[in-house]
Amino acid sequence: MIKDPRDVRISDIVCSSCEKDCVCIIGYPWDWTTAGRPGSRYAPSKIRDYFYSMNPLNDKRICDPGDIDVVSGDLEASSLRLKSSIRELCKNCASIFIIGGDHSLTAVAVESLMEGLGLDRIGLLVFDAHFDLRKLSEGWSSGTYLRSLLERLNDKVIPLVIGIRYHSNPSYMFEEAKKLGVKFITADEFKMSKPDTIFDKIDEVFSDVKNLYISVDMDSLDQSICTGVNSPSPGGLDIWDIIKVINHVFRRKKLVGGDIVEVVPLVDVGDSCVRNAAYILYKMVYGPV
């Protein structure tokens with residue numbers, strides 16, 4: 001195979017050990033608490049393949065220590081390993097991005113990142129079709145993570161969820177969101193509003209926070225362009241909707257971390273969802289051009 005020596009890819013510059021102020025990427029192949037279709041444990045390696053085939057935008061140092069060694073089916077042990085890894089990485093990494101895995105990882109990641117960086121408050125920008133504010137008799141799941149996080153940290157986490165669908169959430173969930181202080185923008189509202197209106201609302205929600213964490217549940221995208229997810233849903237966002245928001249907040253806040261969750265490669269037609277996930281990760285790492 002002939003290779004252009006001047007065609008540098010991210011795979012050519014990534015390091016396995018973290019240096020001061022690098023951007024860190026880790027995988028968390030956990031999906032035993034999924035509320036929908038399992039299989040997101042296979043996503044980290046697939047998303048990496050496409051991400052590392054891209055050309056770097058600038059000279060940011062990127063490190064990738066690999067995947068967290070999860071314990072199959074053991075939520076407590078796996079969560080402790082994720083917590084420990086994030087706290088250790090906070091000693092060197094300027095930002096940490098996690099490739100999941102189901103959405104339960106976000107609660108662990110946000111709390112651990114706050115502890116590792118010594119943050120009193122953080123903004124949590126979520127792209128999702130669902131609120132994930134359930135309270136289940138079965139306990140913890142990817143559909144309960146946000147309630148669990150907010151009940152533990154109260155006003156230390158300022159959440160905004162973009163991409164909510166009315167047909168994908170029971171009606172009581174909207175009242176629960178208001179009670180818990182969860183601001184949201186539905187997919188319908190996003191599509192029918194002017195960009196400046198959306199940006200103004202985002203700026204208002206995060207006006208009192210300096211640091212931001214972005215969590216992207218890939219079911220926030222419309223099922224026509226992202227079939228390989230935990231819980232596909234029509235009437236969603238497109239890839240440029242998410243990128244516009246990321247570009248906007250990147251210019252205004254310090255992005256200390258983020259995650260990509262709920263990609264199920266085994267049911268992903270033509271790797272379309274995996275490719276979109278890799279590009280979203282690219283934009284979270286590098287920001288706007």
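Mentor: A residue counts as buried when its relative accessible area is under 20%, as exposed when that area is over 50%, and as partly exposed in between. The model here is predicted. Take Y282: its relative accessibility is 11%, so Y282 counts as buried.

Trainee: Is Y279 buried, partly exposed or exposed?

Mentor: Y279 has 32% relative accessibility and therefore counts as partly exposed. Both tyrosines belong to helix α10 (residues 272-286), where they are 3 residues apart, so about one helical turn separates them.

Trainee: Which residues of helix α8 are buried?

Mentor: In α8, which covers residues 195-205, they are I198, F199, I202 and V205. Viewed down the axis of α8, these buried residues fall within an arc of 125°, so they line one face of the helix.

Trainee: How is empty space found?

Mentor: A probe the size of a water molecule is rolled over the atoms, and this shows where empty space is left. Here the largest pocket holds about 200 Å³ of space. Its lining has 18 residues, and A35, H130, D132, R134 and G143 lie nearest the centre. By type, the lining divides into 3 nonpolar, 9 polar and 6 charged residues.

Trainee: What is the phi of D132?

Mentor: D132 has a positive phi of about 60°, although D132 is not a glycine. The residue is found in the loop between β4 (122-127) and α5 (145-153). With 11% relative accessibility, D132 counts as buried. E262 is another non-glycine residue with a positive phi, near 70°. E262 has its place in the loop between β8 (254-261) and α10, and at 3% relative accessibility E262 counts as buried.

Trainee: Which peptide bond is cis?

Mentor: The bond from G100 to G101 is cis, with omega near 15°. G101 is in the loop between β3 (93-100) and α4 (105-117).

Conventions
Residues numbered from 1 in each chain as written. Predicted model: local features only at pLDDT ≥ 70, side-chain atom pairs only at ≥ 80, totals over all residues. Heavy atoms only, no water. 1 Å grid on protein atoms, 1.4 Å probe; cavity = no way out; pocket = protein on both sides within 12 Å on 5 of 7 lines; lining within 4 Å. Points joined across faces, edges and corners; volume = space filled by probe spheres on them. Nonpolar A, V, L, I, M, F, W, Y, C, P; charged D, E, K, R; others polar. Buried < 20%, exposed > 50% of the residue type's maximum accessible area, 1.4 Å probe, protein only. Helix = DSSP H or I, 4+ residues; strand = E, 2+ residues; numbered from the N terminus. Arc of directions from axis to C-beta.
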